[in-house]
Amino acid sequence: MDYQNILFDVAGGVARITLNRPDKLNSFTGAMHAELRDALDSVQADKGIRVLLITGAGRAFCAGQDLADPDMAVGVTAPDIGNVVEKNYKPLILRLQNLRVPTVAMVQGVAAGAGASLALACDLAIAGKSASFLQAFSKIGLIPDTGGTWFLPQRVGMARAMGLALLAEKLPAEKAAEWGLIWQVVDDAALGATVDAVAAQLAGMPTKALVRTRQAMHAAPSHTLEQQLSMEGGFMRELGWGPDFAEGVSAFMEKRAPRFTGN
Ligand code: T3D
């Protein structure tokens, strides 16, 4: 597929998707969603890929849904944006949650609406100091979608989640990190190098264990303790039979760096 709205490249086991509509702050269109689906298919299929990094081109991460996209056209007939959620945003988030590699969002500038949710859907979000997170939805009469109502209260608690969602004020990156919404904030000038180092680190780690960690963490809120312990036991059994566990233990005993294959 010839990409017009994203950039996609793979190097050193790290796949990088760059949302690439900088003049419209990388807002999502139907065409961009189609390209994202294609790129995520490639990530899922290419066993050489061990990490996915998502970022935006230019001065913003992503401003959410492109409000001028035909999908959103408010005219004689109201648009069925529930349909757009089902077709585009729900699959995007579920694909990320089920991806066989860990995911990192590198956030520069504003992450608004579904753009903020996209960053939260990644396993790690790392932002530059000048970045911000904006639950823009209430300003246009919508609710935080793309998983926003799921991620926000889990990360920051109900009081802060409600404040962010209702008042739609920009949350500066430093406060986002302080509140536990994102993993880390760094100087703008250090953002690229920091994220590259984290991606390289993850690319050398036991991929399957990282992904099972994500699955277990996200399952926990809807599980009883007993169900969660059973899930942990199942994953431990699977991982214990895998080559990366054997390699990790051997490397520890032999006092050398492990060479994980991601299996
Ligand atoms: O379809 C469905 O299923 C519904 C799903 C909805 C999910 C959602 O994401 S709803 C929320 C949609 N997003 C927004 O409401 C955010 C709208 N944008 C803003 O509030 C501001 O642009 C920002 C706070 C993000 C940034 O402000 P600022 O001052 O830094 O930039 P700007 O001047 O407003 O924007 C720069 C350009 O990007 C400008 O275009 P122009 O005038 O230079 O040609 C602006 O129109 C464009 N832009 C920014 N955000 C969007 C956008 N164009 C279309 N859609 C946008 N969301």
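User: In which helix does M158 lie?

Analyst: M158 belongs to helix α5, residues 158-167. Helices (H or I, at least four residues) and strands (E, at least two) are DSSP runs, numbered from the N terminus. This is a predicted model, in which local features need pLDDT of at least 70, side-chain atom pairs count only at pLDDT 80 or more, and totals for chains, interfaces and linings use all residues. Residues are numbered from 1 along each chain as its sequence is written, and side-chain values use heavy atoms, with hydrogens and water left out.

User: Is M158 buried or exposed?

Analyst: A residue is buried under 20% relative accessible area, exposed over 50%, and partly exposed in between (1.4 Å probe, protein chains only). M158 counts as exposed because its relative accessibility is 54%.

User: Where does A57 lie, and which residues does A57 contact?

Analyst: A57 is found in the loop between β3 (51-56) and α2 (81-98). It is buried, because its relative accessibility is 14%. Contact means heavy atoms within 4.5 Å. Apart from neighbours within four places in sequence, A57 is in contact with T18, L19, N20, P22, N26 and Q108.

User: Which residues are linked with R212 in a network of salt bridges?

Analyst: The network links R212 with K208 and E238. Between R212 and E238, the closest N and O atoms are 2.6 Å apart. R212 sits in helix α8 (residues 207-219) and E238 in helix α9, so the pair links distant parts of the chain, 26 residues apart. E238 counts as partly exposed because its relative accessibility is 27%.

User: What is the order of the strands in the open sheet?

Analyst: Two strands pair if DSSP finds at least two bridges between them. The open sheet of 3 strands has the order β5-β7-β8, with mixed pairing. Its edge strands, β5 (110-112) and β8 (171-172), each pair on one side only. Strand β7 (residues 132-134) runs antiparallel to β8, with 2 bridges between them.

Note on methods: A salt bridge is a side-chain nitrogen of Lys or Arg within 4 Å of a carboxyl oxygen of Asp or Glu.
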